[in-house]
Amino acid sequence: MNLAAPHSGFVIAAYAIAFVVIAAMVIGTLADYRSLKKSLERIAARARHIGDARS
Amino acid sequence: MQNYANPTHFLRLVRVLLPVTAGLTTGLLAVGLYLALFVAPADYQQGETVRIMYLHVPSAWMAMFVYLVMTSAAIGTLVFRHPLADVAQKAAAPLGAAFTFLCLTTGSLWGKPEWGTWWVWDARLTSVLVLFLIYLGIIALWQVIEDPGKAARLVAIFTLVGAVNVPIIKFSVDWWHTLHQPASVFRMGGPTIAASMLWPLLIMAVGFTTLFLTLHMLAMRNEILRRRLRRLSMLAADGAAPLGVVAEPAE
């Protein structure tokens, strides 16, 4: 690709936006998974604690 | 198909498929980007701006493909009552919105140097904007209705009504005089693009498809965990969550 060509700024902007959108989709999905897993682990630990107290 | 109605079985399948689709996506996008940026020639009229096509066209195809996936899921919810259909639909909506946003912004960046304007209210551009608004409406509906079962039925009906827009997008360039060019790949008589530009385009399109499949599986896994968490929180609010329920695997 010739970066000195006319309008190459539009091409660079398009690829930069695509990178940001795709990265946001990937990072958002993985961050959501981490947060859900942590919450599930917390609730499991609480249930185990209640189970131990009852037995 | 019914085997994977059980979320635990589905999560096991995701664990096997994810490395395959993620690897395929990385490979296809790496090769596609290399071909699109360094191998494919500049257009004799458009020059270097034609390279926006390798992002814009796959995004546009994905915007419609994701909506077709959601329409199938809506039928799965309303007709077959498949337990994972509404999970699939809810997980796909933000991804469809993102691909449609990418299609609109890259199209705008391509339109300015070629047409002399960022935007025109022609049939193709307007119908894609309507698709983007439909995606946002579906995401909003999922957010405002608390009961997932009720939300699933309402969103399924809304999705089926919105499906009318997909053939309008596809055929808008044939039915009306538009500034947007007509189809040049999927058309009667075969593609009109040179092979040196068609191959990078097709590789990028397959890469975008595997990217969607990967993210969709991840998002469905998240939605299953979110529902499990919701159920456990409600049980915990009633008293104590039964240990058997809590002990289900998280993935």
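This is a predicted model: local features need pLDDT of at least 70, side-chain atom pairs count only at pLDDT 80 or more; totals for chains, interfaces and linings use all residues.
Let me start with Ala63(B), which, once residues up to four places away in sequence are set aside, touches Gly96(B), Phe99(B), Thr100(B), Cys103(B), Val128(B) and Leu131(B), where touching, or being in contact, requires C-beta atoms, placed from the backbone, to lie within 7 Å. Together with Val66(B), Ala92(B) and Leu95(B), Ala63(B) touches the most other members of the largest nonpolar core, which has 68 residues. By such a core I mean a set of buried Ala, Val, Leu, Ile, Met, Phe, Trp, Tyr and Cys residues joined through C-beta atoms within 7 Å, and a residue is buried if 20 or more other C-beta atoms lie within 10 Å of its own, exposed if 12 or fewer, and partly exposed in between. At least two residues of this core are supplied by each of helix 1 (8–54) of chain A and, in chain B, helix 1, helix 2 (53–80), helix 3, helix 4, helix 5 and helix 7; helices here are DSSP runs of H or I of at least four residues, and strands are E runs of at least two, numbered from the N terminus.

Residues are numbered from 1 along each chain as its sequence is written, and chains are lettered from A and ligands numbered from 1 in the order in which they are written.

Chain B as a whole has 8 helices and 0 strands, and its C-alpha atoms fill a box of roughly 70 × 35 × 30 Å along the principal axes. Of its 251 residues, 39% count as buried, and among contacts between residues at least 6 apart in sequence, 74% join residues at least 24 apart.

Turning to helix packing, the axes of helix 4 (residues 123–144) and helix 5 (residues 148–162) of chain B come within 10 Å and cross at roughly 170 degrees, the axes being lines fitted to C-alpha atoms over the stretch in contact, with angles from 0 to 180 degrees between N-to-C directions. These two helices of chain B are therefore roughly antiparallel, a label given to angles over 145 degrees, as against under 35 for roughly parallel, 65 to 115 for roughly perpendicular, and oblique for the rest. Their contact includes Ile134(B) and Trp142(B) from helix 4, and Leu154(B) and Phe158(B) from helix 5.

Also in helix 4 of chain B is Ser127(B), which counts as buried because it has 20 C-beta neighbours inside 10 Å. Beyond its neighbours within four places in sequence, Ser127(B) is in contact with Asn165(B), Ile168(B), Ile169(B) and Ser172(B).

Finally, two backbone details. Most residues other than glycine have a negative phi. Arg81(B), in the loop between helix 2 and helix 3 of chain B, has a positive phi of about 50 degrees, and is exposed, with 12 other C-beta atoms within 10 Å. His7(A), in the segment before helix 1 of chain A, has a positive phi of about 70 degrees, and counts as partly exposed, with 17 C-beta neighbours inside 10 Å.

How values were computed. Two residues are in contact if their C-beta atoms, placed from the backbone, lie within 7 Å.
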